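Subject: Structure handover

Hello,

Please find the structure below, followed by notes on what was found in it.

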Amino acid sequence: MLQANNLEKSFDALGVLRRVSLHVEKGEVVAIIGRSGSGKSTLLRCLNHLEKVDAGYIRVDGDVMVDTENGGYAPRDKLHAICLKMGYVFQNFNLFPHFSVLRNLTEAQRCVLKRPKEEAEARAEALLEKVGLSDKRDQYPYQLSGGQQQRVAIARALALDPMILCFDEPTSALDPLLTKDVLTVIRDLARDNNTMIVVTHEMAFAREVADRVMYMEDGRILAQGTPQEVFSEQAVRAFTAVAPDQAL
């Protein structure tokens with residue numbers, strides 16, 4: 001489903017990604033953990049073309065997004081189509097404050113996918129029910145709690161029918177009670193066999209929901225495998241001793 005090889009990314013002289021390689025299979029949930037500044041969010045942003053890599057190769061569902069040894073990034077139209085296969089949930093929600101909840105879910109469907117209004121609204125309403133917010137469809141983001149805003153953001157990402165759903169620390173801006181609500185939604189998506197990459201500090205999620213865990217440090221993946229394998233690594237045990245462990 002997704003293959004990335006030898007990704008490198010620097011900001012000025014600071015190397016943030018150092019020959020990072022990973023793969024994600026269809027229906028797999030991959031959790032990426034590590035200390036702040038280890039390169040987790042930058043990796044996710046590069047996979048979604050929110051940042052450009054300096055070197056490396058990324059392929060999504062058989063289509064090459066970038067191959068720096070053979071021509072660089074795909075042409076604009078093809079790159080746009082590839083990026084639509086990836087959904088992205090930001091840690092700070094990034095909802096349109098002047099749009100209602102319903103319009104936050106329908107705007108991209110109508111503008112990007114060219115769906116008719118009735119079809120886009122039906123899809124939006126089904127997703128709001130899925131995340132437990134059917135009664136909030138006519139409210140605005142400022143009227144919602146942080147956890148509710150994040151669930152709307154998840155529904156908005158799903159509205160474009162991505163093949164891979166990416167989460168960038170989706171609970172980092174939430175208190176523990178709201179964190180539990182959002183993680184429950186993500187857990188339900190995992191049970192529905194959605195393909196997901198989740199950058200997270202929530203160790204219980206990584207242990208209980210992820211099929212595979214990657215531990216990053218200093219721009220490199222130092223350990224990857226099943227949760228049992230990764231959490232037995234000495235460096236990871238030292239990290240998890242001080243990381244939050246929100247119960248699902």
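Helices (H or I, at least four residues) and strands (E, at least two) are taken as DSSP runs, numbered from the N terminus. This is a predicted model, in which local features need pLDDT of at least 70 and side-chain atom pairs count only at pLDDT 80 or more, while totals for chains, interfaces and linings use all residues. Residues are numbered from 1 along each chain as its sequence is written, and side-chain values use heavy atoms, with hydrogens and water left out.

Glu 169

With those elements, Glu 169 sits in the loop between β8 (164-168) and α6 (176-191). Buried means under 20% relative accessible area, exposed over 50%, and partly exposed in between (1.4 Å probe, protein chains only). Glu 169 has a relative accessible area of 13%, so it counts as buried. Contact here means heavy atoms within 4.5 Å. Leaving aside residues up to four places away in sequence, Glu 169 touches Lys 40, Ser 41, Gln 91, Val 199 and His 201.

Cys 166

Strand β8 holds Cys 166. Its relative accessible area is 0%, so Cys 166 is buried. Not counting residues up to four places away in sequence, Cys 166 is in contact with Leu 44, Asn 48, Met 86, Gly 87, Tyr 88, Val 89 and Ile 197. Phe 99 is 67 residues from Cys 166 in sequence and 23 Å from it in space, C-alpha to C-alpha.

Largest pocket

The pocket search runs on a 1 Å grid over the protein atoms alone: a cavity is a set of points where a 1.4 Å probe fits but cannot get out, and a pocket is an open set with protein on both sides within 12 Å along at least five of seven lines. Lining residues have an atom within 4 Å of a point. Grid points are joined across faces, edges and corners, and a volume is the space filled by probe spheres set on the points.

The largest pocket has a volume of about 540 Å³. It is lined by 20 residues, and the closest to its centre are Met 86, Tyr 88, Phe 90, Ala 108 and Leu 160. Two or more lining residues come from each of α2 (76-83), β7 (86-89), α3 (101-111) and α5 (146-159). By type, the lining of the largest pocket has 13 nonpolar, five polar and two charged residues.

Helix α3

The buried residues of α3 are Val 101, Leu 102, Asn 104, Leu 105, Thr 106 and Gln 109. These buried residues pack against α4 (117-130) and α5.

Loops and backbone

Asp 12 is in the loop between β1 (2-11) and β2 (14-24). Although Asp 12 is not a glycine, it has a positive phi of about 55 degrees. Its relative accessibility is 82%, so Asp 12 counts as exposed.

Asp 218 lies in the loop between β10 (212-217) and β11 (220-225). Asp 218, also not a glycine, has a positive phi of about 55 degrees. With 45% relative accessibility, Asp 218 counts as partly exposed.

Gly 27 belongs to the loop between β2 and β3 (29-34). At 22% relative accessibility, Gly 27 is partly exposed. Apart from residues up to four places away in sequence, Gly 27 touches Asn 193, Asn 194, Thr 195 and Asp 211. Gly 27 and Ala 4 are 23 residues apart along the chain, and their C-alpha atoms are separated by 17 Å.

Arg 191

Arg 191 is part of helix α6. It counts as exposed, at 59% relative accessibility. Between the C-alpha atoms of Arg 191 and Asp 135 there are 24 Å, with the two residues 56 apart along the chain.

Whole chain

The chain has nine helices and 11 strands. Its C-alpha atoms fill a box of roughly 50 × 45 × 35 Å along the principal axes. Of the 248 residues, 51% are buried. Among contacts with a separation of 6 or more, 66% join residues 24 or more positions apart.

Regards

Note on methods: Ala, Val, Leu, Ile, Met, Phe, Trp, Tyr, Cys and Pro count as nonpolar, Asp, Glu, Lys and Arg as charged, and the others, Gly among them, as polar.
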